[in-house]
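Hi,

Please have a look at it first, and then read on.

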Amino acid sequence: MKRHSHSYEELAMIAKNYYNDSSMCTVIALALAAKIGFGKAYHAMRRAGRKHGYGTHMKCLDMQDEFGFKATPFYDYQSRTVTTLVRELASNKAYWVTVCGHVFHIENGEIQDWVQENSRRRVEQVWEITRT
């Protein structure tokens, strides 16, 4: 499988311009974790039941084997907000972070999303991403 290194901004632009889609945070999180293109992630999520223009409840966790990565729940953090979590997580690993109604990807200590590093949004769950 061909691997891509897209940024969040590139994937969001593709979603808006070519797919006319919104509420695609899980699709972008899947594309960034698996290092695949937006189209491949979009169609995989569509096959899994995601409706165009609507969010979904982390169906991307079911696609770990298909796209060659593993997302394991990560409990070794004390942070309650995005601001403190970014400082606490290892800067050489990848993570998915869920906040109320949203998921985003952190790669090498940088948030790959519209969520800012100084966000006070409360962290609900964290998954560590390991690529196989």
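Let me start with helix α2, which is followed by Lys35, a residue with a positive phi, near 55°. Helices here are DSSP runs of H or I with at least four residues, strands are runs of E with at least two, and both are numbered from the N terminus.

A word on the basis of all this. This is a predicted model, so to speak of local features I keep to pLDDT of at least 70, and side-chain atom pairs count only at pLDDT 80 or more, while totals for chains, interfaces and linings use all residues. Residues are numbered from 1 along each chain as its sequence is written, and side-chain values use heavy atoms, with hydrogens and water left out.

α2 is mostly covered: 10 of its 10 residues are buried, where buried means under 20% relative accessible area, exposed means over 50%, and partly exposed lies in between (1.4 Å probe, protein chains only). Among them are Cys25, Thr26, Ile28 and Leu30.

In α3, the buried residues are Phe38, Gly39, Ala41, Tyr42, Ala44 and Met45. These residues pack against α1, α2 and α4 (64–67), with contact taken as heavy atoms within 4.5 Å. After α3 comes Gly49, which has a positive phi, near 115°.

Most residues other than glycine have a negative phi. Ser23 is partly exposed, at a relative accessible area of 41%.

**The cores**

Which residues have the most contacts inside the largest nonpolar core? They are Ile28, Leu30, Phe38, Phe67, Phe69 and Trp96, in a core of 32 residues. At least two residues each come from α1 (8–17), α2, α3 (38–47), β1 (69–73), β2 and β5 (123–131). The most is given by α2, with 9 residues. A nonpolar core here is a set of buried Ala, Val, Leu, Ile, Met, Phe, Trp, Tyr and Cys residues joined through side-chain atoms within 4.5 Å.

**Aromatic rings**

The structure holds 6 aromatic pairs. Rings of Phe, Tyr and Trp (its six-membered ring) pair if their centres lie within 6.5 Å, and planes under 30 degrees apart count as stacked, over 60 as edge-to-face and the rest as tilted. Phe74 and Tyr77 form a stacked pair, at 6.5 Å centre to centre with 10° between the planes, and both residues are buried. Tyr19, Phe38 and Tyr42 make up one aromatic cluster.

Tyr95 is in strand β2 and counts as buried, at 1% relative accessibility. Thr72 is in strand β1 and counts as partly exposed, at 29% relative accessibility. Apart from neighbours within four places in sequence, Thr72 is in contact with Val126, Trp127 and Glu128. Thr72 and Leu61 are 11 residues apart in sequence and 9.3 Å apart in space, C-alpha to C-alpha.

**The largest pocket**

The largest pocket has a volume of about 170 Å³. On a 1 Å grid over the protein atoms alone, a pocket is an open set of points where a 1.4 Å probe fits, with protein on both sides within 12 Å along at least five of seven lines, and lining residues have an atom within 4 Å of a point. Grid points are joined across faces, edges and corners, and the volume is the space filled by probe spheres set on the points.

The lining includes Cys25, Thr26, His57, Met58, His102 and Glu124. α2 (25–34), β2 (94–99) and β3 (102–107) each supply at least two of the lining residues. By type, the lining divides into 4 nonpolar, 7 polar and 1 charged; Ala, Val, Leu, Ile, Met, Phe, Trp, Tyr, Cys and Pro count as nonpolar, Asp, Glu, Lys and Arg as charged, and the others, Gly among them, as polar.

Best wishes
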